[in-house]
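Visitor: I would like a walk through this model. Please tie each label to its rule.

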Amino acid sequence: MASFKKIARRSFLIGSAAIVGGVAFGAYYVSRPAPNPLKPADGEAAFNPFVMISHEKITLIAPRAEMGQGVHTTWAALIAEELDVTLDQVEVIHGPAATAYYNSALLGEVIPSKGYDKSRFIHSLGEALGHAGKLMDMQVTGGSSSMKDGYERMRAAGASARETLKLAAANRLGIASSQLSTKEGKVIAPGNIEIAYTDLAAEAAGLEPVEAQLRHRSEWKLLGKAQPRVDMPGKATGTAKFGIDMRLPGMKFAALKANPHLGGSINGFDASEALQMPGVEQVVDLGNAFAVVANNTWLAIQAAEAVAADWGPAPIPDTQAEIQDAIRAAFDAEPNSTLRDDGDVSALPQGAQEVSAEYEVPFLAHATMEPLNATALYDGSKLQLWSGNQGPLLTRNHCADALGIDPEQVQVNTSLMGGGFGRRGEMDFSVYAAKLARQMPGTPVQLTWSREEDMTHDFYRPGAMARMRGAVKDGSAVLLDGQIASQALTPQLMSRWFGMTPAGPDTTLVDGAFNQPYGIPNYRIRGHAADLQVPIGAWRSVGASFNGFFMESFMDEMAHAAGADPLEFRLALTRQEWAPAAKVLEAVKEMSGWTGKTPDGVGRGVAMTYSFGTPVAQVIEVTEEGGLIRLRKAWIAADLGVALDPQNLEAQMFGGMAYGLSAAMFGEITFAEGAAEQGNFPDYDAIRMHTMPEVEVRILEEQSHISGAGEPGTPPAAPALANALFDLTGKRARRLPLMHDFDLLI
Amino acid sequence: MPTDLRINGKTHQVNLPDDVPLLWVLRDEVGLTGTKFGCGVAACGACTVHIDGEAVRSCQVALSDVWGEVTTIEGLGTPDAMAAIQQAWVEHQVAQCGYCQSGQIMQAASLLAENPAPSDAEIDEAMQGNLCRCGTYPRIRAAIHSAAQKMQEA
């Protein structure tokens, strides 16, 4: 991994020099094409890494994690739009782990600019830096980046394949390509001659790929319209295969048990009782964990509980109070970043009224519906791995490292995922399976985590605190000075992924706070990194998941102090700063019939957060019935720039909101002696059918760039609900989860 | 001693201890992986199957306690011959990650068998044990209403 370290260090030092270094580096190496990983058989043509056509069928490769966001369908639609095929004519697969499938957009996000105000220069810089992802094996699904990444590249891949097929047909017919057209998987020649693409595969395979111009949006047939998802029939009939559904001849079923004291070692274990239990075949030491191998997963889980282990202590404080103290202590240390410092926040503007508030949010688990698992087979030299993961190349590299073999000896098969939310961007569950398989050469083994193991060994959304100070005058905000304290995610994540720790400010710590499109003349945001070793990770919307709550709760408090309507207050501050943010607020105002007044027993709250390039506004209405508070309705408006599939975007928006509401109402992980105290859904509940509000979604296309969809629905959910609760009860929600302070319907 | 189980119209002989939950018999022994493991404590509904038409959490039914004919999602319909409720799921594009949907559909199918035209409150009551971390509830509700209507017209 030496080369990763070197490259990562150069790209992740986030000062301006490092960005220039990254770009220069990118320009030199990145222009070389990555080898096409597809290995076409005789008579098959792999036009590029994304389109393969054989005599029988057309296969499109969507090398991104399908974890529910519909990426396989929309990614395939980008290719299909230019290739002139319909989605029911093609097979869509994830494909192998390969450099050619690097994410060209994700790294561009590390530039610490506000984003919405990107100049053309910063935008190109982001694109150039994104291509450095190729050098770092960043075949990663995350950061709501798939559509930014694929929008032009995949249409180009489809167009090139189409023109190459036309050339093959032109050669066969002895006429010019310009006389040919294409439709629904066929080349059409004058005189009603139709040749199926599959019939041209063998001839096209011998041709150099042809480049082609992209069609104008007005010519689109698939994009911009709802497409039936390619994975829907399988998911409605139980035939869709998730990682946990992998079955191989002779496969054994294993259960994992790792030290509950997170980061602690294992000093030894006694498996004698477990080995006597039915179905159990062996107990395997995996270093800092062990696995029980049996003929049935449940029998393995039961036996794992019967192993007596001597666990070492965790390198984190013993009590939850001490952990919170450590986060609070970060406020007193030098800031890790000051990524926004507009005007002068040191003095209160004359005649302004000061407002201040402190907020706190807990650690959170991802709690994907499919517990973590992976299946592996080691034959003595090569490893085959089946895992639902968000980073196939990193998974390959980490498994190879763990086994001491070359990455080329590892084949990663990426399955559908029963939720990811960032958790499946980690490599631990794949590496444990690889280590187990190494000790059982020739026998395939599936290693499953119980729900308790999954929830107590997460890389948690960090707990965070905010100290907000502001000032209002003449009905508007004139000052906002925010301090955010939390563990910094980027150093931990980079250390796990690449074995290095970048210097410099951590953008994720203040994302959703420093970059909000509010034209407040004196506006400063400082991030304070807490010195704690709690394992933390990327959790749907990352920093914006807590900063959205801090910022938008405080905006509401300022509006209230200013005697302004909270929606009008935000509208006035966004209109001049960035129009798309004002447009989403205007949309929810109209959709909800917002008047600023609510009858007794009804409360309404609004919030708007800009994250992953997308402004999202939400209005939530709550009612009180029989002493219990119920979420009745939610209105959501989001501006994606280009809405590639409105029906799927609608699902991402209300789904993102539901994930945020689950956390806001019920989500909390606490630690005792370094072990998580919540282990299963009874202690870590989520929104359910009877607690979910009705929803109405509107997708706008006002801004100039295509933007992310998977995460931006989450951040405004908690503050919109908290602000609605204030409207209903007069009580401010300054800590989460809300179930502690409000009588919510459960 | 082997146990005989009737699953989706076929008899299976199972050689596992009596206390192994039906969920793990289906998944790891019979090879029917459409029924999902979510929590193991009847808190999420991902493992819902029917026994004699009644929706049950298969993670809580021991092999020796299975009292009747088991129907899993695979027995409800297939991609080529979907049940009305499955068609409604496709029509409304319900699933996101899809992991909980086998359980959601089995729960909804049993609701519709008992109550051919459920109200929103009745859907809330019947479906609240089935967790979906993607938040697909609005479309589940719409699909149940739409399947109810289609089944009544049929």
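Visitor: Which helix lies across strand 5, strand 6 and strand 7 of chain A, and at what angle to strand 6 of chain A does it run?

Guide: Helix 5 (residues 146–173) of chain A does, running at about 45° to strand 6 of chain A. Angles run from 0 to 180 degrees between N-to-C directions, and axes are lines fitted to C-alpha atoms, for helices over the stretch in contact. Helix 6 (residues 197–205) of chain A also packs on the sheet, touching strand 6 and strand 7 of chain A. Its direction makes about 70° with that of strand 7 of chain A.

Guide: A word on the source. This is a predicted model: local features need pLDDT of at least 70, side-chain atom pairs count only at pLDDT 80 or more, and totals for chains, interfaces and linings use all residues. Residues are numbered from 1 along each chain as its sequence is written, while chains are lettered from A and ligands numbered from 1 in the order in which they are written.

Visitor: What makes strand 5 and strand 7 of chain A edge strands?

Guide: Each pairs on one side only: strand 5 (181–183) and strand 7 (193–196) of chain A. Two strands pair if DSSP finds at least two bridges between them. Strand 5 and strand 6 (residues 186–189) of chain A have three bridges, in the antiparallel sense. Ser181(A) stands opposite Ile188(A) in strand 6 of chain A. The open sheet has the order 5-6-7, with antiparallel pairing.

Visitor: What counts as a helix or a strand here?

Guide: Both are DSSP runs, numbered from the N terminus: helices are H or I with at least four residues, strands are E with at least two. Chain A comes to 20 helices and 27 strands. Chain B has six helices and five strands, in the pattern β-β-α-β-β-β-α-α-α-α-α along the sequence.

Visitor: Why is chain A called as compact as a globular protein of its length?

Guide: The globule rule is 2.2 Å times the number of residues to the power 0.38, and the radius of gyration is taken over C-alpha atoms. For 746 residues the rule gives 27 Å; chain A has 27 Å, so it is as compact as a globular protein of that length. Its C-alpha trace spans about 80 × 70 × 55 Å along the principal axes.

Visitor: How does chain B, with 154 residues, stand against a compact globule?

Guide: A compact globule would have a radius of gyration near 15 Å, and chain B has 15 Å, which agrees. Along its principal axes the C-alpha trace of chain B spans about 45 × 30 × 25 Å.

Visitor: Why are helix 17 and helix 18 of chain A called roughly antiparallel?

Guide: The axes of helix 17 (residues 566–575) and helix 18 (residues 579–592) of chain A cross at roughly 155° and come within 8 Å. Angles under 35 degrees count as roughly parallel, over 145 as roughly antiparallel, 65 to 115 as roughly perpendicular and the rest as oblique. The two helices are therefore roughly antiparallel to each other.

Visitor: What is the handedness of the crossing of helix 17 and helix 18 of chain A?

Guide: Left-handed. That means the near helix is turned anticlockwise from the far one by less than a right angle; clockwise is right-handed. The crossing of helix 16 and helix 20 of chain A is right-handed.

Visitor: At what angle do helix 16 and helix 20 of chain A pack, and which residues meet?

Guide: Helix 16 (residues 543–561) and helix 20 (residues 717–729) of chain A pack at about 30°, with axes 8 Å apart. Among the residues that meet are Phe549(A) in helix 16 and Phe726(A) in helix 20 of chain A. Contact requires C-beta atoms, placed from the backbone, within 7 Å. By class, this contact has five nonpolar, three polar and two charged residues. Ala, Val, Leu, Ile, Met, Phe, Trp, Tyr, Cys and Pro count as nonpolar, Asp, Glu, Lys and Arg as charged, and the others, Gly among them, as polar.

Visitor: How many residues does each chain give to the contact between chain A and chain B?

Guide: Chain A gives 51 residues and chain B gives 50 residues. The side of chain A divides into 27 nonpolar, 15 polar and nine charged.

Notes
Contact = placed C-beta atoms within 7 Å.
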